[in-house]
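Biologist: I've got a structure open and some quick questions about it. Can you walk me through the parts worth a look?

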Amino acid sequence: MKQYDVVALGELLIDFTENGKSSQGNPVFEANPGGAPCNVLAMLAKLGHQTAFIGKVGKDFFGEQLRDAITEVGIDAANLLMDEEVHTTLAMVHTAPDGDRDFSFYRNPGADMMLTEAELSKEMLQNTKLFHFGTLSMTHEGVRAATKKAICVAKEAKALISFDPNLRPPLWKSLDEAKEQVLYGLGQCDILKISDNEIQWLTGEEDYSAGVAWITSRYQIPLILVSMGRQGSRAYYKGSMVEVAPFLQEHTIETTGAGDTFCGCVLHAICEHGLEDLTEEKLKDMLMFANAAASVITTRKGALRVMPSRDEIQAVMSTCDA
């Protein structure tokens, strides 16, 4: 038996999200804990899974806040390291009227980039059923080597590998380098979660199914999830495709963490059912649950600390049944 259901590696940072204006008319920013891998783990922990995080923050006020936040939501922080010299990574999140976002990162360098191979907990990686990663831990040489080593250790221990590119163009020297690392991730994973704009960028195909065909002609990935925002989501599995409509919220504030919430719910389904013999019904149920959870998070500021409960998710799903 493995100790953890899911272990993730990557960035843990502060998302400064807009939260109104001051009496002087200046924008007010709220310091929300964030970072895609830990958002995914927070959703899984909310659903009762044993999770752990591997990463690095600065030994500063924000690093302490982040360590407390992930511990509070039930994520094992034993391999969250604190850098003595480099500060915690920060992101300023500008929210558009439709809830979409634009990011400005303070990460040159940021503590999340400082993780090295030598600092990995091999024991943790060998004791997880599933390992999850993205590409923000692949933007620079040192942390890229750590990420690739972690994948190797997890695969040798027979863990399933989950990958979400989570492309952030400003953090790359070039998009060609970003594409090279995304393609590496595709070659390692059993589960791929990719957004609509990412699959179009990567494959050059406007049609999502054509984009998935481009990927599967090159890489053997059993399960591919395409998140399509206001269009819902799709699952591609063993030559079949299931699509589920979104649950659109009347009170959407922002979309930060929606894709991570969706991803966490997908991994929840895989933890429960495995990756073999996923029927069309199971895939549909998985997508409905994930879409509903993602819709809830769009009504809240931030994500990591405010993931929806199972009851809240099912309440949203019940509106479809009514």
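Modeller: Let's begin with the second largest pocket. Its lining is made of Cys265, His268, Ala269, Glu272, His273, Leu278, Lys282, Leu283, Asp285, Met286, Phe289 and Arg310. Keep in mind that this is a predicted model.

Biologist: Which elements give two or more residues to that lining?

Modeller: Those are α8, residues 258–273, and α9, residues 280–297.

Biologist: How much space lies in the second largest pocket?

Modeller: About 180 Å³.

Biologist: And how do the lining residues of that pocket divide, nonpolar, polar and charged?

Modeller: Six are nonpolar, two are polar and four are charged.

Biologist: Stay on α8. How many residues of α8 are buried?

Modeller: 12 of its 16, so α8 is mostly covered by the under 20% cut-off. Among the buried ones are Asp260, Phe262, Cys265, His268 and Ala269. Cys265, His268 and Ala269 also belong to the lining of the second largest pocket.

Biologist: What does α8 reach from its first C-alpha to its last?

Modeller: 23 Å. At 1.5 Å a residue, 22 Å is expected, so the two values are close.

Biologist: What comes just after α8?

Modeller: Glycine 274, with a positive phi of about 80 degrees.

Biologist: Which residues line the largest cavity?

Modeller: Glu11, Ala36, Pro37, Val40, His132, Phe133, Gly134, Thr135, Leu136, Asp164, Asn166 and Asp260. By class, that lining has five nonpolar, four polar and three charged residues.

Biologist: Which element gives the most to the lining of the largest cavity?

Modeller: α1, with three residues. α1 covers 36–46, and both α1 and β8 (128–133) supply at least two residues of the lining.

Biologist: Asn166 is in that lining. Where does asparagine 166 lie?

Modeller: In the loop between β9 and α5, the latter spanning 175–186.

Biologist: Is asparagine 166 buried or exposed, and why?

Modeller: Asparagine 166 is buried, because its relative accessible area is 11%.

Biologist: What is phi of lysine 158 near?

Modeller: Near 70 degrees, again positive in a residue other than glycine. Lysine 158 sits in the loop between α4 (141–156) and β9 (160–163). Lysine 158 counts as exposed because its relative accessibility is 71%.

Biologist: Why flag those phi values?

Modeller: Because most residues other than glycine have a negative phi.

Biologist: What kind of peptide bond joins asparagine 108 and proline 109?

Modeller: A cis one, with omega about 5 degrees. Proline 109 is in the loop between β7 (101–106) and α3 (122–126). Most peptide bonds are trans.

Biologist: On to lysine 238. Where is lysine 238 found?

Modeller: In the loop between β12 (233–237) and β13 (240–244). Lysine 238 counts as exposed because its relative accessibility is 58%.

Biologist: What does lysine 238 touch, beyond residues up to four places away in sequence?

Modeller: Pro222, Glu276 and Asp277. Lysine 238 and glutamate 276 are 38 residues apart in sequence, with their C-alpha atoms 9.9 Å apart. The side chains of lysine 238 and tyrosine 237 are also joined by a polar contact of 3.5 Å.

Biologist: And serine 233? Buried or exposed?

Modeller: Buried, because its relative accessible area is 1%. Serine 233 is part of strand β12.

Biologist: Which side chain joins that of serine 233 in a polar contact?

Modeller: That of asparagine 291, at 2.8 Å. Setting aside neighbours within four places in sequence, the contacts of serine 233 include Val226, Val242, Phe262 and Leu287. Phe262 is one of the buried residues of α8.

Biologist: Last one. Where is the place of threonine 51?

Modeller: In strand β4, residues 51–58. Threonine 51 is buried, because its relative accessible area is 2%. Apart from neighbours within four places in sequence, threonine 51 is in contact with Tyr4, Val6, Leu41, Leu44, Ala45, Gly74, Ile75 and Asp76.

Definitions and conventions
Residues are numbered from 1 along each chain as its sequence is written. Side-chain values use heavy atoms; hydrogens and water are left out. On a 1 Å grid over the protein atoms alone, a cavity is a set of points where a 1.4 Å probe fits but cannot get out, and a pocket is an open set with protein on both sides within 12 Å along at least five of seven lines; lining residues have an atom within 4 Å of a point. Grid points are joined across faces, edges and corners, and a volume is the space filled by probe spheres set on the points. Helices (H or I, at least four residues) and strands (E, at least two) are DSSP runs, numbered from the N terminus. Ala, Val, Leu, Ile, Met, Phe, Trp, Tyr, Cys and Pro count as nonpolar, Asp, Glu, Lys and Arg as charged, and the others, Gly among them, as polar. Buried means under 20% relative accessible area, exposed over 50%, partly exposed in between (1.4 Å probe, protein chains only). Contact means heavy atoms within 4.5 Å. A polar contact is a pair of N or O atoms within 3.5 Å; within protein, one must be able to donate a hydrogen and the other to accept it, and residues adjacent in sequence count only if both atoms are side-chain atoms.
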